[in-house]
Amino acid sequence: MAEPEPRRKKRRDPRRTRWLDRAGWYEPRETGARSTTRQAEALNLALSSPPTTHRGLILGTDRLSGQLVCHDPFIAYDDKLVSAPNVAVIGDVGKGKSSLLKTWGTLRQLLLSGRRVVVLDKKTQAGQGEYTRLARAVGAPSIRFTVDGTGSRLNLLDPVISLGEAGKQAGRPTGQMMLLRAVLAEALGREVSEREGKALRIALFAATGDARERDRVPVIGDVVHHLIKPAGEAARNIDVPIAELREWGFDPAFALERMIEEDLAGLVDGETSPDVQLDHPSGLVHFDLSALPIEGPALRIVMTVINTWQTNMLARRSQQLMQTVNIVEEGWHVAEGALGKVFQRNTKLARGLGLATMAGFHHVSDLPAESAARSLLQEAETVFIFGQSLRSDALACVDLYDLPAGTEDTIMGLGRGSFLAKIGSEAPLLVQHIRSQAEIQLTETDDAMIGRR
């Protein structure tokens with residue numbers, strides 16, 4: 001006969017005291033979770049290394065470990081993590097791309113000494129550029145371009161931009177001739193022929209020489225004049241009748257004339273406005289392009305002229321060792337044709353100019369395989385991928401940046417403010433962007449939707 005089990009003493013519930021309750025002594029017991037010894041290693045913070053080094057500006061927190069994620073393209077270049085400073089930001093509308101570019105790409109960059117941020121601001125908010133509020137907060141003026149002649153102007157033939165074909169030399173920004181060819185191709189709607197290009201080159205040098213003799217700056221109208229009325233000496237130098245040289249220049253002249261009288265009136269057809277400067281005590285240069293129409297060539301041409309003027313200015317100041325961040329919120333505007341090639345070429349000079357271009361894009365799958373925009377995306381070694389609702393867009397990101405299989409599901413599931421950070425050859429990180437309260441007030445763009453500021 002089995003012996004009966006000994007009776008266990010009944011445990012009495014511990015008595016609680018009010019002063020211990022007030023001190024928070026009693027805490028609810030959490031339900032345990034099944035794990036393995038290998039998984040449990042992650043619970044020991046001493047064994048969990050930070051996802052990035054401390055060198056750089058705060059991006060946000062690692063979604064897996066909760067630790068801070070820091071990065072800066074210039075510092076990462078110095079640390080040999082990347083070989084180029086350019087940054088690509090990709091994702092659907094409303095996922096947080098703009099907030100990241102305004103905070104980490106702009107405001108936090110200005111905290112570092114020797115930094116300049118140049119913003120090409122196309123997006124409209126309350127009748128002005130989205131960065132206007134931010135520019136006012138740091139005390140920087142907004143350089144506003146308009147189609148009614150009341151805004152700023154940037155001379156397409158500004159002397160800062162090198163003359164002739166200097167842009168074809170390695171390590172030199174695009175010159176006036178290359179820029180003028182790109183604008184003419186946009187005006188003609190086709191490539192510039194060899195004879196048209198020759199007539200354009202002769203007219204450019206004649207216009208520059210004539211303006212120098214008159215002690216003034218050449219403008220595009222001077223080129224139109226010399227295309228229609230070339231000098232006899234210019235024709236003799238290439239051993240063609242002057243009537244034939246004039247014939248070569250008729251189509252370019254009429255196309256450029258129509259462009260500066262219609263699409264580009266008051267934008268690039270006169271001397272550069274005094275307010276168009278690359279220096280401000282705040283470090284921020286805000287080009288407000290929100291008043292320019294998306295349809296037509298004006299926006300693409302103005303963005304390309306600003307970019308070319310800026311890179312030539314930086315090349316002249318190469319001894320100053322000042323790092324510049326170039327923010328292009330809507331990179332697809334400069335994605336096509338000859339203008340896109342000019343923008344792409346200037347971007348390739350990033351290392352020599354101390355220039356980091358941070359460009360935002362919506363969908364990789366929308367960009368043709370041979371487009372300048374896709375090349376910009378491929379050459380970026382810092383990539384932030386926000387949520388994509390379409391699988392085709394998510395797969396395009398995975399293919400372009402050689403991400404692990406299955407990452408497309410992660411990209412499609414990203415909520416607002418979450419993104420994948422791919423830095424150089426490092427494994428991608430899942431990051432939650434964080435903003436201070438002051439940054440939230442300066443970067444929110446939902447005023448019109450929610451009906452309050």
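At what angle do the axes of helix 12 and helix 14 cross, and within what distance do they come?

Author: Happy to. Keep in mind that this is a predicted model.

Let's start with your pair. Helix 12 covers residues 337-347 and helix 14 covers residues 372-379; their axes cross at roughly 20° and come within 9 Å. Angles under 35 degrees count as roughly parallel, so helix 12 is roughly parallel to helix 14. As for handedness, helix 12 passes helix 14 in a left-handed crossing.

Now for who touches whom. On the helix 12 side you'll find G340, K341, F343, Q344 and T347, while helix 14 brings A372, S375, L376 and E379. Sort the residues of that contact by class and you get 3 nonpolar, 4 polar and 2 charged.

Helix 12 itself is mostly covered, with 8 of its 11 residues buried. Those buried residues are L339, G340, V342, F343, Q344, R345, N346 and T347.

Helix 6 (residues 176-188) and helix 7 (residues 194-213) have axes 11 Å apart and pack at an angle of about 125°. That angle makes helix 6 oblique to helix 7, and the crossing of these two is right-handed. Helix 6 makes the contact through Q176, M177, L180, R181, L184 and L188, and helix 7 through E196, G197, L200, R201, L204 and T208. By class, the contact of helix 6 with helix 7 has 6 nonpolar, 3 polar and 3 charged residues.

Buried means under 20% relative accessible area, and L200 has 0%, so it is buried. Leaving aside residues up to four places away in sequence, L200 touches M177, L180, R181, L184, V223, L227 and L256. Take L227 from that list: L200 and L227 are 27 residues apart in sequence, yet 6.7 Å apart in space, C-alpha to C-alpha.

Zoom out and you can see the setting. The chain has 18 helices and 13 strands, and 49% of its 453 residues count as buried. Among contacts with a separation of 6 or more, 70% are between residues 24 or more positions apart.

What about the interior? In soluble globular proteins, nonpolar side chains tend to be buried together. Here, the largest nonpolar core has 87 residues, and F145, F287 and L289 have the most contacts inside it. Helix 11 (residues 298-316) gives the largest share of this core, 10 residues. Among the residues F287 touches are V118, I143, F145, I306 and W309. There's also a second, separate core of 28 residues, which includes F74, V325, A421 and V431.

Last stop, the backbone. Most residues other than glycine have a negative phi. K80 is not a glycine, and it has a positive phi of about 65°. Look for K80 in the loop between helix 3 (73-78) and strand 3 (87-90); at 70% relative accessibility, K80 counts as exposed. A126 isn't a glycine either, and its phi is positive at about 55°. You'll find A126 in the loop between strand 5 (124-125) and strand 6 (128-129), and at 57% relative accessibility A126 counts as exposed.

How values were computed: Residues numbered from 1 in each chain as written. Predicted model: local features only at pLDDT ≥ 70, side-chain atom pairs only at ≥ 80, totals over all residues. Heavy atoms only, no water. Core = buried A, V, L, I, M, F, W, Y, C linked by side-chain atoms within 4.5 Å. Buried < 20%, exposed > 50% of the residue type's maximum accessible area, 1.4 Å probe, protein only. Helix = DSSP H or I, 4+ residues; strand = E, 2+ residues; numbered from the N terminus. Contact = heavy atoms within 4.5 Å. Axes fitted to C-alpha atoms, helices over the stretch in contact; angles between N-to-C directions. Parallel < 35°, antiparallel > 145°, perpendicular 65-115°, else oblique. Left-handed = near helix turned anticlockwise from the far one by under 90°. Nonpolar A, V, L, I, M, F, W, Y, C, P; charged D, E, K, R; others polar.
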